[in-house]
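I opened the model today to look up its surface, its cores and its charged pairs. My notes follow in the order I took them.

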Amino acid sequence: MLSRIKGLSKSENFPFFLHFLGVFTGIFLVMTVIILQVMSFGIYTTVDSNLRTAQKDISSYVTLAMIKNSFNAITDNNKTTADDQSKLIPPSEVIANTDVILYSSDGNILNTLDTLSGLEYVKLDKKNLDSIVKVSLTNILGETLEYRTLTVPVKNVIYPEVAYAMIAINTNQLEEANDRYTKMIVIVMITFWVVSVGASVYLAKWSRRPILANYEKQKAFVENASHELRTPLAVLQNRLETLFRKPNSSIMDNTENIASSLDEVRNMKLLTTNLLNLARRDDGIKPDLETLSSDFFNDIFTNYQMIAEEQGKLFKVNNQVKHQVVSDRTLLKQLMTILFDNAMKYTDKNDEIVFEVKSTDKHFYLSVADQGIGISSEDKKHIFDRFYRVDKARTRQQGGFGLGLALAKQIVDSLKGTITVQDNEPKGTIFIVKF
Ligand code: ADP
């Protein structure tokens with residue numbers, strides 16, 4: 001992992017890595033602080049509520065402590081029999097780990113206390129009556145003992161000498177458990193933080209992948225575009241140089257040169273328009289939706305019919321639009337024209353082209369079937385890519401740049417539709433669009 005991180009520090013992924021690691025570190029730090037805070041606040045809640053419960057019942061605690069005291073005094077003097085002992089054994093403290101220290105009004109301790117508890121050294125603190133105080137003590141064995149204490153004034157008719165009582169609950173176990181949990185939480189958080197270093201390396205690479213892919217795409221696009229522009233420019237240069245070399249010849253003598261130059265200029269104009277369209281729409285096309293009727297399609301088909309006739313191709317229309325279609329007029333027309341143009345370009349004379357439009361309650365379908373040269377399965381995977389042409393020589397001759405279907409796909413995507421390509425029977429291609 002270290003070597004991977006070293007390698008990463010020199011790569012372009014490094015700022016991304018640092019970003020992710022920073023976020024993870026922040027999350028883990030905040031989580032650790034919150035958990036530890038919640039734990040430290042919660043640790044004494046039960047103890048403190050036990051102290052308050054004991055405070056309500058303080059006279060029983062005083063009685064219990066005094067009985068225990070007298071019992072100790074008797075057993076110390078060996079004056080009891082086994083029977084007496086069973087009668088006098090005071091019940092153990094109501095709440096575990098609870099000790100009670102009884103003070104006279106001048107602060108003397110009235111009951112005997114376990115020497116190991118260290119409580120015999122606790123002075124009466126009249127300033128903090130009724131409030132819970134944390135006390136740290138050292139017993140005769142030198143052990144540190146932690147207590148939560150609550151001192152309250154006492155009025156007991158049976159034991160009038162008792163003026164104050166301090167209830168003390170030992171919290172050593174609680175604190176030890178708390179320390180253990182704190183260590184555990186810190187270890188778990190550090191482990192996850194280490195895992196997050198690996199996760200950051202992965203995420204840094206993963207998040208840059210689409211950026212890199214896009215960058216590669218853009219690069220290829222610019223390269224392709226420049227390449228496409230170079231050919232017409234070279235032709236133009238060549239033709240103009242030829243004209244330049246014959247300053248005395250007339251326009252009539254150079255019609256071929258001029259016509260060819262104009263052709264290339266037209267080509268370049270078309271190419272730059274297409275490129276501009278693609279580039280502008282890369283930011284996302286915002287369709288201008290409106291309701292279109294069956295006539296909208298009929299008008300377009302009339303034009304197509306004329307073009308097909310001019311080129312000696314059979315053009316059939318099947319307009320099944322019964323419902324109103326909600327779409328962008330310009331985009332839809334452009335899409336239809338791209339598919340129609342392609343069908344015309346890649347079919348021979350007398351071949352048939354069938355253009356079908358159909359609407360249902362929810363969908364609108366459009367299909368263009370031709371009996372042309374068809375597209376191989378391998379090429380079908382790429383024809384929607386920018387500048388992809390199956391047969392470069394042939395398509396260029398026909399004025400194609402491999403941008404038509406990329407534009408078509410862009411339009412279909414913007415209208416939230418799908419475009420697919422299939423083989424036609426017995427030959428040719430069918431493009432199917434579904435919105
Ligand atoms: P172009 O402008 O070069 O036609 P397109 O993006 O429209 O570019 O099409 C990409 C390629 O797909 C074309 O070069 C062509 O080889 C192939 N193609 C598109 N439509 C058809 C079709 N109807 N029949 C056969 N091949 C097609």
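I started at Met31, which I found in helix 2 (residues 14-42). Helices here are DSSP runs of H or I with at least four residues, strands are E runs of at least two, and both are numbered from the N terminus. This is a predicted model, where local features need pLDDT of at least 70, side-chain atom pairs count only at pLDDT 80 or more, and totals for chains, interfaces and linings use all residues. Residues are numbered from 1 along each chain as its sequence is written, and side-chain values use heavy atoms, with hydrogens and water left out.

I use buried for under 20% relative accessible area, exposed for over 50%, and partly exposed for in between (1.4 Å probe, protein chains only).

Areas come from the Shrake-Rupley method with a 1.4 Å probe, and for residues only the protein chains shown count as cover.

Next, the whole protein. I noted 12 helices and 11 strands. Of the 435 residues, 38% count as buried. The accessible surface comes to about 26,100 Å², and 58% of it belongs to carbon and sulfur atoms. I also checked contacts (heavy atoms within 4.5 Å). Among contacts between residues at least 6 apart in sequence, 67% join residues at least 24 apart.

Then the cores. In soluble globular proteins, nonpolar side chains tend to be buried together. I count a nonpolar core as a set of buried Ala, Val, Leu, Ile, Met, Phe, Trp, Tyr and Cys residues joined through side-chain atoms within 4.5 Å. Which members of the largest core touch the most others? They are Phe297, Leu332, Phe355 and Leu366, out of 49 residues. Helix 9 gives the largest share of this core, nine residues. The core lies between domain 1 (209-280) and domain 2 (285-434), because both give residues to it. Those domain bounds come from an automatic or database domain assignment.

Leaving aside residues up to four places away in sequence, Phe297 touches Asn319, Val321, Val325, Leu332, Met336, Val357 and Phe364. A second, separate core has 18 residues, including Val100, Val154, Ile167 and Ile169.

Last, the salt bridges (a side-chain nitrogen of Lys or Arg within 4 Å of a carboxyl oxygen of Asp or Glu). How many are there? The count comes to 10.

I looked up the pair Glu352 and Lys316, whose closest N and O atoms are 2.9 Å apart. Lys316 is partly exposed, at 45%.

Asp351 pairs with Lys427 at 3.8 Å, N to O. These two are 76 residues apart: Asp351 sits in the loop between helix 9 (329-345) and strand 8, Lys427 in the loop between strand 10 (418-423) and strand 11 (429-434). Asp351 is buried at 11%, whereas Lys427 is partly exposed at 41%.

Asp413 and Lys409 bridge at 3.1 Å between the closest N and O atoms. Both lie in helix 12 (residues 404-414), four residues apart, about one turn of the helix.
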